[in-house]
Amino acid sequence: MTISEFRIPFRYTTNRSSSIRWVASHALHHWPIFLVALIGAAGNAALASVPALQYGIVFENLTSGAYLPSVFLRAGAVVGISQTIRGFMQFFRNFGFEVTAQRIERDVRDEFYISLLGKSMTFHSLQSIGDLMARATNDIREVNYIFSPGLNMVLGSINFLFIPLGIGASIHPALLLTPVLFITLYFAAIAHFLKILQPVTSEVRSTFGRLNSRLAEDIDGIETVKAASQEEAEINRFKQNSEAYRNANVKQGDIEARFLPLLLLALAMGFGLLHALILNRQGLIPLSSVITYFSGLSMLGFPTNTSIRSYSQISLGIASAKRLLSIMNSHNNLDQNENGHSAAISGKVKFENVSFAYDGINLNLHDLSFEVNPGQTVAIVGQTGSGKTSLVRLLNRTYDPLDGSVKIDGIDLREWKLDSLRAQISIIEQDIFLFSKSVAENIAFGKPQASHAEIESAAKKAQADGFIESLPEGYNTVIGERGATISGGQRQRLALARAFLTDPKILILDDSTSAIDSKTEDEIQQAIKLASEGRTTFIITHRLSQIRWADLIIVMRKGRISAIGTHEQLMQTSRSYRNIFAEAKE
Amino acid sequence: MGFHQGLTGELYDRQYSNKALLGRIWDYAKGHRKFIIWMVISITLQGLFAALPPLLISKILDEGIAGIPNETAYTILVVTIIILQLLDFVFYYVVRRLLTRITADMNRDLSVDAFAASIEQDLAFHDRLSSGRIVSRITTDTNDFSMLVRLTMDVAGSMVQSIVTAIILFNTEWRLALILMAFVPIVMLVVSSFRKLARRVTTQGMRAMANVNATIKETISGISVAKNFRQEEEIYRDFKESNTSSYKVNVQRGFVLSIVFPVMRTISGLSIAVLVYFGALTVTQGLITAGAWYMLLLASDRFLMPILSITSYWTQVQTGLSAAERILALIDSDRSVIQTDNIKVESLTGRIDFNQLSFHYATGSKILDHFDLHIQPGENIAIVGHTGAGKSSIARLISRFYEFQEGELLIDGVDIRKFDLPSLRRNMGIVTQVPFLFDETVEENIRFAAPDITRGEITELAHQIGNGEWLETFSNGLDTQVGERGAHISMGQRQLVALMRVLAHKPAIFILDEATASVDPFTEYQIQQALGLILQRSTSILIAHRLSTVRSADRIIVLDHGSIIEEGSHQGLLKQGGHYAELYNTYFRHQSLQYIEEAGQILGKGLSSSNPA
């Protein structure tokens with residue numbers, strides 16, 4: 001069993017040991033529909049050979065001078081009926097592969113998402129959302145394409161390679177020569193083609209990536225480009241980037257132009273015909289068999305023409321599956337600790353010689369020791385990168401310390417049951433995330449069963465009820481993607497309301513009251529004051545007024561505590577602390 | 001995605017007549033005239049050669065039937081077929097290579113022109129359009145267009161093959177050829193009716209995809225919140241719902257698209273069945289030979305398949321042409337900022353005069369109405385006012401990002417319209433509200449406007465601010481990568497880098513549109529130091545949001561609805577107790593030490609009123 005913070009059983013187990021096995025294990029789960037697709041593919045190919053055989057029969061009749069219209073009619077009917085059935089078979093093949101592909105896309109995404117939910121916060125804070133998004137959408141789409149059109153074309157056309165074998169063998173064993181040679185060389189050529197194509201396609205992607213990201217930056221930063229009058233330089237840079245992209249494209253085109261299976265097809269058709277004719281001259285086979293054989297050989301055209309695209313489609317899909325697996329198989333170091341300590345938190349926090357490193361090597365926090373009593377408000381100040389956020393992230397066990405221990409109510413966090421711990425600790429982050437749901441649902445996110453009265457009272461405490469009432473539909477107003485339609489200060493108050501509702505014993509505000517002007521400042525001050533009542537509160541803040549009145553102030557510098565104490569104490573002991581208050585006075 | 005653009009147009013979009021459109025496309029193609037001629041020849045020959053083998057095979061068969069023992073003719077025919085097949089491969093090779101070059105070159109030229117056009121556009125243009133849409137025009141639409149070129153050539157080849165085959169068929173036996181022709185309208189009818197259906201389900205599929213993408217984006221972004229509140233199951237339900245609905249729509253789409261080709265197959269299979277029967281009958285009547293009959297069967301595929309592809313290709317022609325139209329509209333879009341002269345600027349003293357200037361954005365009411373403002377060389381002015389008072393507009397007009405409608409704007413006594421813009425802007429340092437950094441190192445970002453400055457000089461400048469301590473907060477000093485738009489560093493650090501950029505550049509005029517976001521107090525202290533250094537040597541226009549910035553100005557201008565309602569020094573204006581005092585209480589008061597001390601009382605009050613019944 002893998003270590004995970006959160007588990008939802010996926011409907012079936014998959015083999016994650018390699019990308020091909022993984023994709024195959026998904027496909028095997030849908031074997032009935034996959035089988036329909038395979039039967040369709042085989043039936044389609046088998047029926048495709050019917051006309052070739054009928055041509056031979058009619059031709060023989062014509063050359064023998066028998067001229068039996070019933071034979072023609074029968075042949076016509078057989079061709080017509082077989083090709084109609086073939087149409088159905090082809091439909092089974094196409095739709096079968098399509099459904100398989102769609103189901104696999106659905107299930108792979110489901111499995112991927114469940115795996116993301118189980119990952120620790122360490123993982124999520126290091127992964128860019130954009131990158132995960134790209135994997136969850138585009139890469140999973142590419143896995144879909146392995147089946148449709150990828151395998152649909154490959155498995156659908158591969159049967160056609162063997163039709164000439166059957167037809168050849170049934171006419172004369174010597175006629176196996178051309179198809180056997182063709183098949184052998186064909187696979188060798190495809191393997192070679194994919195091998196040389198692979199680095200070029202990744203070059204196409206990377207040059208396009210470079211072109212696109214600089215382009216997007218330039219257009220977003222157009223004011224900066226103009227302000228620095230760097231238009232010309234940027235146009236030149238764009239020219240260079242698009243030249244690189246163009247060259248990569250030409251390289252790929254040139255490789256595709258040299259598609260050897262096409263040459264093999266040309267040779268096979270020619271030599272196959274010649275060979276059959278020679279056998280005919282030697283009286284070994286009738287002329288009608290030459291026709292049947294040649295018609296059979298022309299079936300090789302289908303797999304040859306489709307392979308230009310379909311094989312590279314599959315290899316792209318496998319590469320994408322690899323990218324997905326690398327995320328799913330990445331190591332997780334936090335467990336939910338189902339049998340751990342579970343109790344109501346009173347709010348005593350103790351750091352004992354705590355060191356921490358994101359990567360486990362370069363320390364981000366050095367040897368922190370301090371103690372906070374239940375109900376105290378702690379302000380953490382320091383420059384960006386001084387370790388403020390890392391410090392509070394240790395509190396709800398987002399990360400584990402490298403050395404030393406963090407204790408709440410005297411018990412090491414690693415002993416706590418994760419559920420019990422997190423349910424009583426609430427973090428309001430810098431970048432407040434709101435769901436595209438109603439205001440009420442957003443507030444009740446941490447406590448879905450909350451009554452409307454509870455929600456309103458939480459909003460009141462967070463000083464948010466005023467603006468909520470003024471929204472078009474009050475508490476039922478749906479806020480846009482990432483809450484775009486409400487201002488920064490309002491989001492912060494909604495987040496506060498969210499925290500009030502869950503009534504955490506430890507509240508952490510990570511610079512979550514920044515976007516507020518003097519007018520709302522008083523309201524926010526009160527809201528935070530209310531929020532900190534009866535709980536231990538950690539505030540990372542830029543607001544001097546909040547720092548000024550905290551019970552304990554921790555000044556961080558380069559991952560260490562450079563000063564700690566009350567405002568009065570720090571004004572005495574810390575020069576840099578004095579500096580910031582002196583500057584405000586001026 | 002191109003699809004989304006199809007739904008809504010842009011203001012600058014225009015309709016080109018087909019002639020004008022093709023003319024413009026030809027402008028881009030004609031540089032490759034030689035390539036194109038070679039390609040057309042190759043394609044014609046390829047189509048011709050591809051159509052010939054059935055003819056030769058029928059000859060061989062007829063000779064075989066007649067039992068003519070002409071070994072040499074026989075060999076020549078077979079060798080000819082082999083040669084034709086080889087030529088087919090060679091021509092495929094030649095056409096692909098030429099085509100690759102033509103499309104890649106046209107793609108490059110179009111996107112470079114589109115990029116140049118959009119970067120040279122004024123900001124009024126960029127305000128109206130989302131950057132994502134412009135980017136998508138420059139990349140996706142040019143790709144769609146080059147796909148059109150590629151398809152056109154493919155189809156042209158198929159058409160030649162189809163026409164040559166048709167001629168051969170008619171020459172062999174026109175009645176049978178007519179039977180085959182009868183299938184053409186049927187095929188076209190079926191394809192076009194499918195096209196409508198296919199387009200509908202494809203649109204639905206794309207919508208469902210957009211939908212699931214949006215949900216995925218939201219649920220992935222929300223994971224950390226969900227974890228904080230242990231609500232993983234809740235967002236998993238949301239995810240699952242949209243994932244399942246997307247699956248359903250896509251299966252429907254797959255159903256429709258899976259039908260198209262089998263139906264085509266069946267139609268062509270039936271046409272061949274008819275040919276087998278009637279063809280054989282005509283042979284018995286002595287109208288054609290048995291060889292010719294076989295040729296008809298071989299040729300029918302070569303005739304029908306190109307028709308199928310041409311019919312289904314038509315949708316893509318429309319996609320490609322409208323993509324071309326969108327790119328050209330971007331390239332041809334009109335500009336509003338127009339310079340009447342190109343006076344090169346060597347150096348400026350920094351005097352700025354607004355005389356009776358009126359300005360409004362493309363859509364919207366007047367921002368500045370007969371506005372007068374005179375800034376002396378070296379003077380530092382701070383502009384304050386409520387949101388929408390026109391503060392940023394003043395800065396943007398001086399930067400010449402927008403065109404004004406009335407009055408005049410003079411820099412060093414010269415009409416701003418008469419300058420060579422790049423050289424004018426080289427004498428200005430502009431820091432925008434959200435400082436924009438490129439995904440490069442700190443050093444490269446500082447050097448952006450002053451490419452010649454050395455690393456030593458940058459280090460020296462950096463040390464004038466808080467002893468260079470701010471550099472230590474970067475993981476890798478000057479070589480730290482700042483990330484896309486500066487995402488890897490904090491807002492305060494971004495502002496510092498943007499100010500360093502101006503310090504390196506030493507402009508005569510400095511324009512600062514200060515960020516509203518707050519910055520940690522230590523960085524704030526350093527920003528003030530950097531600002532102080534710049535103010536010493538430039539004429540400065542500060543759109544201020546920080547108390548300390550306002551205080552550092554020589555003169556404060558209070559703006560309301562596009563006109564100056566008060567001006568003077570900080571202390572003087574506060575004493576007046578007018579608009580500035582009101583603004584101060586709204587925006588700046590909480591930054592003052594006095595307020596910070598008073599906050600204790602508010603907090604005390606907060607304590608006592610904590611039980612609001």
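## Two chains, one predicted model

Colleague: Which strand order does the open sheet in chain A have?
Modeller: The order is E2-E1-E4-E5, 4 strands with antiparallel pairing. Strands here are DSSP E runs of at least two residues, helices are H or I runs of at least four, and both are numbered from the N terminus. Two strands pair if DSSP finds at least two bridges between them.

Colleague: Which strands stand at the edges?
Modeller: Strand E2 (365-372) and strand E5 (411-412) of chain A; each has a single partner strand, so one side of each is left without a neighbour in the sheet.

Colleague: How many bridges join E1 to E2 in chain A?
Modeller: 5 bridges, between E2(A) and strand E1 (residues 349-356) of chain A, running antiparallel. In E2(A), A:Val372 is opposite A:Val349.

Colleague: And the ground rules for the model?
Modeller: It is a predicted model, where local features need pLDDT of at least 70, side-chain atom pairs count only at pLDDT 80 or more, and totals for chains, interfaces and linings use all residues. Residues are numbered from 1 along each chain as its sequence is written, while chains are lettered from A and ligands numbered from 1 in the order in which they are written.

Colleague: Where is confidence lowest in chain A, and where highest?
Modeller: Helix H22 (residues 575-585) of chain A is lowest with a mean pLDDT of 70, and E1(A) is highest at 94. pLDDT is the predictor's confidence in each residue, from 0 to 100. Chain A averages 84, and 93% of the residues score at least 70. Where pLDDT is low, the predicted coordinates should not be read in detail.

Colleague: Switching to the interface. How many residues of chain B are in contact with chain A?
Modeller: 134 residues of chain B, against 131 residues of chain A; contact means C-beta atoms, placed from the backbone, within 7 Å. Helix H9 (residues 232-284) of chain B gives the most to chain B's side, 30 residues.

Colleague: What is the domain assignment of chain B?
Modeller: Domain 1 (1-171 + 316-336), domain 2 (174-287) and domain 3 (352-588), with bounds from an automatic or database domain assignment. In chain B, the C-alpha centres of domain 1 and domain 3 lie 51 Å apart. Their contact takes 5 residues from domain 1 of chain B and 6 residues from domain 3 of chain B.

Colleague: What box do the C-alpha atoms of chain B fill?
Modeller: Roughly 120 × 70 × 50 Å along the principal axes. Chain B has 21 helices and 10 strands.

Terms used
Two residues are in contact if their C-beta atoms, placed from the backbone, lie within 7 Å.
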